[in-house]
Amino acid sequence: MRISSSYFSQRLASDYLRKQSDLSVTQGQLASGKKINRPSDDPAVSVVNSSLKQASSQFTQYERNSSFAEARLAIEETTLASVSNVLVRMKELALAVNNDTLSQNDNLAYLTEVKQQFAELLDYSNMTDANGDYLFAGNNVGSRPFVGKKDISYQGDDGIKDVQIGSGRTVASGDSGTDIFLRIRNGSNGLAISASDTNTGTGRIKSSTVFDKQVYQKHEYSVDFTSSSTYDVIDTTNGSVILSGQSYTPGTQIKFAGIETSISGSPQTGDSFSVKPSSNQDLFSTVNNFIDLLSNEPSSDAEKAQRKQKLDSFLRDLGQAFEHINSKRSAVGTRLVYIDNSRDENLSIKFQIDTTVSGFEDLDYAEAVTRMQSQLTSLEALQRSFSRIEGMNLFNLL
Amino acid sequence: MPNILNTGISGLLASQRALATTSHNIVNANTDGFSRQRVNFVSRPAEISAVGYFGRGVQTTSIDRIQDDFVQTRLIATTSEQSRVSTYHEMIGRIDTMLAEQNSGLASNQANFFNAVQDLNTNPTSVGAKQSLINSGANLADRYNGLQAQFDALQTETNNRIHTTVADINSLAENIASLNNTIVRAGGIKGEKVPSDLLDQRDKQIAELAERISVTTIEQQNGSISVVVGKGLTMVANDKILELSEIADPTQPEKTQITLDGPQGPRIISDQLTGGALGGLLDFRREALDQSMNDLGRLATILADKFNEQHVQGITTAGDFGDNFFSQPNIIPSSSRNNTGTANVSVSLTDSTALTTSDYKLQYDGSNYTLSRLSDDTTFTGTGPFSVDGLTIDITGAASSGDSFLIRPTRKAAREFGMNISNINDIALASPIRSISPVSNLGTGEISPPTVVDSTNTALTNSVEIVFDDPTSTYSVVDTSTSTTLASGVTYQKGDDISFQGWKVQIFAEPDPGDKFIVEFNANGIGDNSNGQLLSDLQNALLVDGTSNLLDGYGSFISRVGSSTRQAKINDDSMTALLQEAEESRASVSGVNLDEEAISLTRYQQSYQASAQVISAAENLFQTLLGAVNR
């Protein structure tokens, strides 16, 4: 083939430029450390990459969310533990008060301590988190949820804030004040018993149970003494008389409408005892009951019996509250464990994603350096051959 | 007997001519488009004598231009195609670079935006988290606007390049026409005397024209060349040319179109102009640029539409319903400048997840409208309104036959995408309603948080009580705000949807008779993130075509551009190789080889010297004769 002198040089120049441009691509990769610098470098991978990067960034976000939820639940857990401690102390006090030989001074001391415990409880219920948001206000986090001095009212709502801690995984980052402090069942075994404040005898009603769930109707009942030895049982919900003119023997079981109870002591004519289904009683009312009973020193036997009766009720309500707070506390603990597990899983998924992304886009330096070496060699060969060939010209010999 | 002197002189003249041509070749070795020339000799007719024929010397018959029509045609075709693919590659490469994540930052900004939503969900009352959501929303809008601005700049650049290219095409055509004229007057290509250098010049002009548009040449009898460009458009015939001009597109003024003056005024012929840089630019604009702007715009439209749709369902800390979070891009159809009717077309978005990236054309034929989806030429015929691909197209007023409208639902969205709210107090993170289970309830029944089904229901935020009857197998529903009984004696099924007045809830477990549940306005719910959670869910919702989430939608857009660029690069590389080969073929035939010319130079120099010797010999003979006579 004929070679045109000028085309020969042109061709050489364009070859040279191409090799230089290849070299500059390699150099660019070495400088950025990435083998993919624009979508066309590998369209399929660059798409997968951007999804993976977003996924990775989502997992980073889940980690942040988890830390937040963890911190908030940790505060709640500590607060509930403190509340639980207060209740334990309260129980000790109640048992001490149960002692018949209580001096007036002792009584006063106990009263002071219980009032202080009450204030402490109120503080815990109005606890705030790191942002200054009230822990137990539901979603109304900006205003103090439990207000009042003695009769406490709740200003929050039932809202619970869910936080996303994984893909498709949320965790409640708290509990509403309603759930923790208000929605506590009183009494025991689903029944709340009490003696009327106007009773004049020393009769006391003991703990009651539902022995026949089929018959039990969740109605309210009252046991009315028509004399010191006879009583009637009235369904106060519908006003019907269930038992009448029953003779009373202290301490024997009384059964009606699927309920089993017993009364001891010596009730007087007109005394009455009530048995109701358990209802929700807030923790502050429960403690207030204790404060009320400590505030009134009993003098007569009847008053002493009243006090015992109320103390019994209080202990039962306190027991319920203690169990309630601790079950909430263990639920919080479960959530913390859940967050912990999900965190571990998130981290390992994120690590896998990051590894994949790195495999896709990070440069293999060894390969790139080798490539650059071979490109340099070929460029050098081109330079040398050019100078040799250009020197070969017949005109030089003429 | 021949004259030796004359023979010698003929040799001198022939060698001189050959030397002239050789030196012409040598000095033009680096002239673009030059074809090497060769001198042809024949021996002069011999003289007859008694002993036979005596030669009478040499004569120059012609100076040939060494050239191969086939090679030249291939070179022209390859030049056009290479120039087209290389221009296309260069332009689409710009989009490719623009969309590289380190440059565009769209994907990371979008991830940041949704992360900010989640940050706020975990800290609904944090002023910092609110501000950061507003900021990252603004950053995201900024990225969309920025990319769109770059697309706009590319559009302008494309127009400018079309403008210069068209001017070049016109002036090249002008040059070819005038060379045609000169060549015809110089005697054309027939006969002995070929104006080689003029032909080289004309070929060079044609090659330059081919770089700008596809060219076919037809050689005429008189030596002129007719030039046909694009799809059969005769631009040059003899010394006449048809001049191309430009106008702004009648329906899309931001686009330059190319026209040809005809009897009915200028006629748009852009579609007929193929190949060359101009073809590359037009292809790029049609296939890559328009498509990319629509792709980007669709993502902006979907994000704005869906985020707004959810945001207005929530309430702010002040208890007001949310406003649009992003500004909602408008779809404004453009009517052709040639329309004569009074019809007005309005387009509204009804379902952004059904949006396509296509443009639509609406045409009136005197009785019916035809709506065509330009991506696949699907047509819908009727009198309107049309409901197509998530759009509702309403027509008011009367159109004249032949009127047309262009609807580009997503074209401007990325430009108009922006923040609609800027105050942190306008973020609507809370649900407008909440459910309450009063502590007086004795049963174990629980109520779920309410879900807003229809935020436009005027009674949505009324207080509603769900009260269980005795027995609890049924319940009744009362709106206590208006004291209306909404339903009574409804059978209770655990976990069933209970839907009233734009919301729904579920009740679980065992309520007691008389237990009630309340759904009411979410007063003071400043810590509520219910609506925020739904906003955050949009990140992974399948919103694009109903099959992929926003990021994957963006990913497939990038991948389309990436693949096209890659394909364009492959085409460019292979066409460049083909062009190189075509140039090499031409160079091999017509190019000057200096070594070859050096040999010719020596050869003709020697022959010149030898011819001179012949003359000197003839003179010696003559002197010898004279000496003999004088003696």
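**View 1. An antiparallel strand pair in chain A of the predicted model.** Strand S8 (residues 221-225) of chain A runs antiparallel to strand S13 (residues 272-277) of chain A, and the two are joined over 4 bridges. Within this pairing, Val223(A) has Phe273(A) of S13(A) as its bridge partner. Strands of a sheet pair through backbone hydrogen bonds, in either a parallel or an antiparallel arrangement.

**View 2. The open sheet of chain A to which these strands belong.** The sheet is made of 5 strands in the order S5-S13-S8-S9-S10 (chain A), and their pairing is antiparallel. At its edges lie strand S5 (191-195) and strand S10 (240-247) of chain A, each of which pairs on one side only. From one strand to the next, the twist averages 15°.

**View 3. The interface between chain B and chain A.** Here 67 residues of chain B are in contact with 53 residues of chain A, and the two chains bury about 5,000 Å² between them, with 47% of that area on carbon and sulfur atoms. Thr122(B), Val439(B) and Leu442(B) together supply 12% of the area that chain B buries against chain A, which is more than any other three residues provide.

**View 4. Polar contacts and the elements of chain B that face chain A.** Between chain B and chain A there are 39 residue pairs in polar contact, counted with both residues at pLDDT 80 or more. On the side of chain B that touches chain A, at least two residues each come from helix H2 (69-99), helix H4 (106-122), strand S22 (433-436), helix H9 (530-537), helix H10 (550-590) and helix H11 (594-630) of chain B. H10(B) gives the most to this side, with 15 residues. By residue class, the side of chain B that touches chain A divides into 21 nonpolar, 32 polar and 14 charged residues.

**View 5. A salt bridge across the interface.** The count of salt bridges between chain B and chain A is 5; in the salt bridge formed by Arg11(A) and Glu584(B), the side chains meet at 2.4 Å, N to O. Side chains of opposite charge can pair when their charged atoms come close.

**View 6. A salt bridge within chain B.** Over all chains, the count comes to 55 salt bridges, including one between the side chains of Arg560(B) and Asp295(B), at 2.4 Å from N to O. This pair links distant parts of the chain, since Arg560(B) lies in helix H10 of chain B and Asp295(B) in helix H7 (residues 276-311) of chain B, 265 residues apart.

Note on methods:
Residues are numbered from 1 along each chain as its sequence is written. Chains are lettered from A and ligands numbered from 1 in the order in which they are written. This is a predicted model: local features need pLDDT of at least 70, side-chain atom pairs count only at pLDDT 80 or more; totals for chains, interfaces and linings use all residues. Side-chain values use heavy atoms; hydrogens and water are left out. Contact means heavy atoms within 4.5 Å. Buried area is the accessible area (1.4 Å probe) that two parts lose on being put together, summed over both. A salt bridge is a side-chain nitrogen of Lys or Arg within 4 Å of a carboxyl oxygen of Asp or Glu. A polar contact is a pair of N or O atoms within 3.5 Å; within protein, one must be able to donate a hydrogen and the other to accept it, and residues adjacent in sequence count only if both atoms are side-chain atoms. Ala, Val, Leu, Ile, Met, Phe, Trp, Tyr, Cys and Pro count as nonpolar, Asp, Glu, Lys and Arg as charged, and the others, Gly among them, as polar. Two strands pair if DSSP finds at least two bridges between them. Axes are lines fitted to C-alpha atoms, for helices over the stretch in contact, and angles run from 0 to 180 degrees between N-to-C directions.
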